[in-house]
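Let's take a walk through this structure together, one ligand at a time. Have the sequence and the model open as you read.

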Amino acid sequence: MDNTIEKKKVIFSGIKPSGELTLGNYLGAIKNWVTLQNEYECYFCIADLHAITVKQEPKDLRKRTLDLLSIYIACGINPKENTLFIQSHVPAHSEASWLLTCSTYMGELSRMTQYKDKSQKSGDSISAGLFNYPVLMAADILLYNSDLVPVGIDQRQHLELARDIANRFNNTYSDTFVIPEGYTPKEGAKIMDLQNPSKKMSKSEENPNCYILIMDKPEVIRKKISRAVTDSIGVVNYTDEQPGVKNLINIICAIKGVSPEEVVESFIGKGYADFKSEVATIIVNELSPVQEKINELLGDKKQLEEIYKEGAAKASYTANKTLRKMQKKIGLIPR
Ligand code: AMP
Ligand code: TRP
């Protein structure tokens with residue numbers, strides 16, 4: 001046997017199928033997964049159990065779950081080399097989540113900013129699932145002994161909590177979990193709202209001019225970019241005084257893998273009209289082939305089914321091994 005072959009490190013990440021995906025999801029999450037997939041053993045899940053922490057229409061949830069699987073593949077994630085699966089197909093996630101809930105404090109969960117934001121919007125009907133959301137996310141990550149978790153900045157706090165829970169479990173019951181690290185790329189880390197560049201781009205915004213969807217048609221993308229808020233300075237610069245322009249530069253950087261300085265240099269002497277038209281072209285060129293592939297995949301449900309079934313089988317194998325270890329250490333009697 002060749003002992004010189006090092007075991008690949010493990011990556012885990014996921015997106016919830018709770019709405020249509022934006023350019024923010026694409027640049028902040030999926031595009032980075034594509035770059036990392038060759039170097040790591042990767043698990044990418046469709047977090048349907050996370051989606052139901054807020055109310056979902058069953059038929060929309062079903063559709064979006066398959067849409068999201070085809071988006072993963074169309075964006076370039078290879079389903080043969082990586083494990084792509086639907087979270088609810090691996091029951092170990094729900095069970096591990098309960099076990100970890102018992103190692104998590106109310107105070108920790110109350111401090112999560114996403115919970116505070118979302119519960120404010122939900123009025124009186126805040127589900128306990130929304131409160132426990134980060135524990136399920138910790139279960140996702142810890143079941144696979146993940147080394148690295150690529151997420152946007154908004155998920156960093158949840159990842160920190162997953163690390164705290166893992167450390168606590170390890171200290172209470174002896175070494176069980178790998179302590180995962182976060183991975184957040186610089187330029188794609190936070191794509192901002194096109195109308196209000198102090199907020200992150202989000203599909204939950206009412207005005208569609210605030211965001212670009214992965215499935216937006218070229219003419220829609222052009223219109224949204226031409227309406228994006230800039231400033232009265234009129235020069236393409238990368239500074240915090242020009243947050244709208246900075247955001248558009250970040251979008252170019254994240255798509256093309258260039259530095260902000262290179263972008264600024266290429267627009268010396270040019271106005272915002274030229275700049276925006278170029279930004280729109282870059283986005284259209286990036287998304288058009290992806291959209292074509294998504295439509296092709298959605299036309300072949302059988303192939304999608306094979307992929308998620310195989311993914312669930314592979315994921316279950318690893319997840320169940322860790323779950324059994326957890327149960328045993330806690331003192332639950334093995335079946
Ligand atoms: P969500 O849409 O909240 O399920 O997020 C899925 C993934 O996309 C997470 O890793 C987020 O951090 C990332 N993400 C969502 N919105 C943005 C954004 N505007 N900029 C960068 N990353 C984002
Ligand atoms: N909670 C994440 C989000 O809203 C999605 C997610 C679920 C996730 N499980 C995960 C991300 C595990 C990273 C690792 O974006």
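This is a predicted model: local features need pLDDT of at least 70, side-chain atom pairs count only at pLDDT 80 or more; totals for chains, interfaces and linings use all residues.

On its own, ligand 1 has 480 Å² of accessible area, and the protein covers 93% of it.

Now widen the view to the surroundings of ligand 1. Its shell holds 17 residues, and the closest are Asn-25, Gly-152, Asp-154, Ile-191 and Lys-203. Helix H1 (residues 23–36) gives the most to this shell, with four residues. By class, the shell has six nonpolar, six polar and five charged residues. Ligand 1 sits in the largest pocket.

Ligand 2 also sits in the largest pocket. Strand S1 (10–15) and helix H7 (128–142) are the elements that give two or more residues to its shell, and H7 gives the most, with four. Of the 13 residues around ligand 2, Lys-16, Tyr-133, Met-137, Asp-140 and Gln-155 come nearest. The shell divides into seven nonpolar, four polar and two charged residues.

Side chains make the polar contacts to look at next. Tyr-133 places a polar side-chain atom 2.7 Å from an oxygen atom of ligand 2. For nitrogen atoms of the ligand, look to the side chains of Asp-140, at 2.6 Å, and Gln-155, at 3.3 Å. Taken alone, ligand 2 exposes 360 Å², of which the protein buries 94%.

Terms used. Residues are numbered from 1 along each chain as its sequence is written. Chains are lettered from A and ligands numbered from 1 in the order in which they are written. Side-chain values use heavy atoms; hydrogens and water are left out. A residue is near a molecule or strand if one of its heavy atoms lies within 4 Å of it. A polar contact is a pair of N or O atoms within 3.5 Å; within protein, one must be able to donate a hydrogen and the other to accept it, and residues adjacent in sequence count only if both atoms are side-chain atoms. Accessible areas come from the Shrake-Rupley method with a 1.4 Å probe; for residues, only the protein chains shown count as cover. On a 1 Å grid over the protein atoms alone, a cavity is a set of points where a 1.4 Å probe fits but cannot get out, and a pocket is an open set with protein on both sides within 12 Å along at least five of seven lines; lining residues have an atom within 4 Å of a point. A molecule sits in a cavity or pocket if more than half of its atoms lie within 2 Å of its grid points. Ala, Val, Leu, Ile, Met, Phe, Trp, Tyr, Cys and Pro count as nonpolar, Asp, Glu, Lys and Arg as charged, and the others, Gly among them, as polar.
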